[in-house]
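Here is a short report on a protein model. Read it alongside the sequence and the coordinates.

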Amino acid sequence: MAASGSWKSGSGSSMGLERMSVEQLKAVKEQADLEVNLLQDSLSNIRTATTRLEIASSALNDLSLRPQGNHILVPLTASLYVPATLHDSQHVLVDVGTGYFIEKTMPEGKDYCDRKINLLKSNFDQLVEVASKKKNVADEAGVILQAKLKQLASSS
Amino acid sequence: MNRRRSELRNAMSSSNLRDLQRELENKANDLSKLQKEIAKNHQMRKKYTVQLGENELVLKELDLLKDDANVYKLIGPVLVKQDLAEANANVRKRIEYISAELKRLDATVQDLEEKQNSKKDTILKLQQRIQSFQAGKGKA
């Protein structure tokens, strides 16, 4: 039932595109391509953020296994590390955004990372759906545009 | 005599046409200014929307905390300990401010878009007048 509904809406949109002039089709295709590119950028940003959170989560996991007083090297810059000892391996400061940091226990920190990862993944899935629909519109407009241009060329 | 009259008529019509074209040019410039203004407003709206989303996420996190939780605020390079209630109030106030700004921007954009539409209509009418003028001139 749902499939037939979506098929109908798809055919309706293509009927709308069929009626458009070459100029209008070009504009529709350009707009759709632009939106697809923006969505692709957003998707890559979400991917990057998810990777960063996964790295943070694994770092927390690694840190929780180390005993207090363990010797570590702390990066001050990308190429400068200073030796230090681990004072507390059970509490972490979490940057929650807009300049606020919250002190959390290790499990709470992991929970925070997991929640954020899940949120990003759900956003990612929604965006993928929207992007694929937009891409279909762009492709459809491109196909119809090509057909119309061929038709114009053959008639002239 | 008739030739003199037709020359006068031609001179008047060409000056009228010039006036119309000048007016069209001015209106087109106004329209492009409006479009730039709208684009700028959209950009600002985007920025505020991002900030609002971030603040709402922070508020959600603060709401999950117990009363004895340690909250710090980054001020310059220093982390300063802050009371949870104070942090909560600050974030709520910021959300209120951003929401108000977004409402104001929405109203501004709507107003600008209405102006843009009326300008487009005016330009369209001017173009039609110029075309009919030129068509009339061609017949003459």
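How many helices and strands does the secondary structure of chain A come to?

## Basis of the model

This is a predicted model, in which local features need pLDDT of at least 70, side-chain atom pairs count only at pLDDT 80 or more, and totals for chains, interfaces and linings use all residues. Residues are numbered from 1 along each chain as its sequence is written, chains are lettered from A and ligands numbered from 1 in the order in which they are written, and side-chain values use heavy atoms, leaving out hydrogens and water.

## Chain A

Chain A has three helices and four strands. Helices (H or I, at least four residues) and strands (E, at least two) are DSSP runs, numbered from the N terminus. Their order from the N terminus is α-α-β-β-β-β-α.

Chain A has 156 residues, and 26% of them are buried (under 20% relative accessible area, with exposed over 50% and partly exposed in between; 1.4 Å probe, protein chains only). Take the contacts (heavy atoms within 4.5 Å) in chain A between residues at least 6 apart in sequence: 56% of them join residues at least 24 apart.

## Coiled-coil record for chain B

An unreviewed UniProt entry places a "coiled-coil region" at residues 10-41 and 95-129 of chain B. UniProt positions follow the numbering used here, feature names are shortened, and annotations may be inferred rather than shown by experiment. In the model, residues 95-129 of chain B are 100% helix and 0% strand, with the end C-alpha atoms 51 Å apart.

## The A–B interface

Chain A gives 14 residues to the contact and chain B gives 19. About 1500 Å² is buried between the two chains, 59% of it from carbon and sulfur atoms. Buried area here is the accessible area (1.4 Å probe) that two parts lose on being put together, summed over both. Thr98(A), Tyr100(A) and Phe101(A) supply 45% of the area that chain A buries against chain B, more than any other three residues.

Tyr100(A) also has Lys73(B) over its face, 4.9 Å from the ring centre. A charge sits over a ring if NZ of Lys or CZ of Arg is within 6 Å of the ring centre and within 35 degrees of the ring normal. Within chain B, the charged end of Lys47(B) sits over the ring of Tyr48(B), 5.8 Å from its centre.

## Glu61(B)

Is Glu61(B) buried or exposed? Glu61(B) counts as buried because its relative accessibility is 2%. Glu61(B) lies in helix 1 of chain B, residues 2-63. Leaving out residues up to four places away in sequence, Glu61(B) touches Val96(A), Ile102(A), Lys104(A), Tyr112(A), Arg115(A) and Lys116(A).
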